[in-house]
Amino acid sequence: MAAAEELTLLEKLLGLRRGNKYSAQGDRQIPVLQTNNGPSLTGLATIAAHLVKQANKEHLLGSTAEEKAVVQQWLEYRVTRIDGHSSKEDIRTMLKDLNSYLEDKVYLTGNNFTLADILLYYGLHRFIVSIS
């Protein structure tokens, strides 16, 4: 799933009106959002956090300092590990590691649903579909 498509789905999930225009830059097709009243925003996690704030759903970014840090950690994981996968073996290893991590948790940050859960789902969806 392309980043622009993911961001459009996120807008819908957050209840935002569609209308943001996304483009991509570079070989890795890094998403870019041109805002109406400021500089453009670059990067999946940056744009997603901006959309969450626009929707007044900051709780999705974490409630405590620790939870906010864990959300950021998983957003970074999404961009570096999931988007940067290189082989089917890497994907299998990544899925096993995630399965082990989530063994005693409801969501990535513990008991609260966050932006990290949403973006990890979007990022993993294409791999799960290709496996089944």
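**Close-up views of the predicted model**

**View 1. Arg17, Gly19, Asn20, Asn36 and Gln54 lie nearest the centre of the second largest pocket.** The lining of this pocket comprises 13 residues. A pocket is an open set of points on a 1 Å grid over the protein atoms alone, where a 1.4 Å probe fits, with protein on both sides within 12 Å along at least five of seven lines; lining residues have an atom within 4 Å of a point. The model is predicted: local features need pLDDT of at least 70 and side-chain atom pairs pLDDT 80 or more, whereas totals for chains, interfaces and linings use all residues. Residues are numbered from 1 along each chain as its sequence is written, and side-chain values use heavy atoms, without hydrogens or water.

**View 2. Ile30, Pro31, Leu44, Val79 and Asp83 lie nearest the centre of the largest pocket.** In total, 20 residues line this pocket. At least two lining residues come from each of α1, β2 (30–33), α2 and α3; helices (H or I, at least four residues) and strands (E, at least two) are DSSP runs numbered from the N terminus.

**View 3. Leucine 41 lies in strand β3 (residues 41–42).** Beyond its neighbours within four places in sequence, leucine 41 is in contact (heavy atoms within 4.5 Å) with Pro31, Val32, Leu33, Thr35, Thr46, Ile47 and His50. Lysine 68 is 27 residues from leucine 41 in sequence, and their C-alpha atoms are 20 Å apart.

**View 4. The largest nonpolar core has 36 residues.** Such a core joins buried (under 20% relative accessible area, 1.4 Å probe, protein chains only) Ala, Val, Leu, Ile, Met, Phe, Trp, Tyr and Cys residues through side-chain atoms within 4.5 Å. Leu10, Leu14, Leu51, Trp74, Met94, Leu115 and Leu120 have the most contacts inside the core. Two or more core residues come from each of α1 (3–14), α2 (44–54), α3 (65–82), α4 (88–101) and α5 (115–131). The largest share, eight residues, is supplied by α5.

**View 5. Leucine 51 touches Leu7, Leu10, Glu11, Leu14, Leu16, Asn20 and Tyr22.** Residues up to four places away in sequence are not counted in this list. Leucine 51 is also among the residues with the most contacts inside the largest nonpolar core.

**View 6. The protein chain has five helices and three strands.** From the N terminus, the elements follow the order α-β-β-β-α-α-α-α. The C-alpha trace spans about 45 × 35 × 20 Å along its principal axes. Of the 132 residues in the chain, 38% are buried. Among contacts with a separation of 6 or more, 57% join residues 24 or more positions apart.

Key: Buried means under 20% relative accessible area, exposed over 50%, partly exposed in between (1.4 Å probe, protein chains only).
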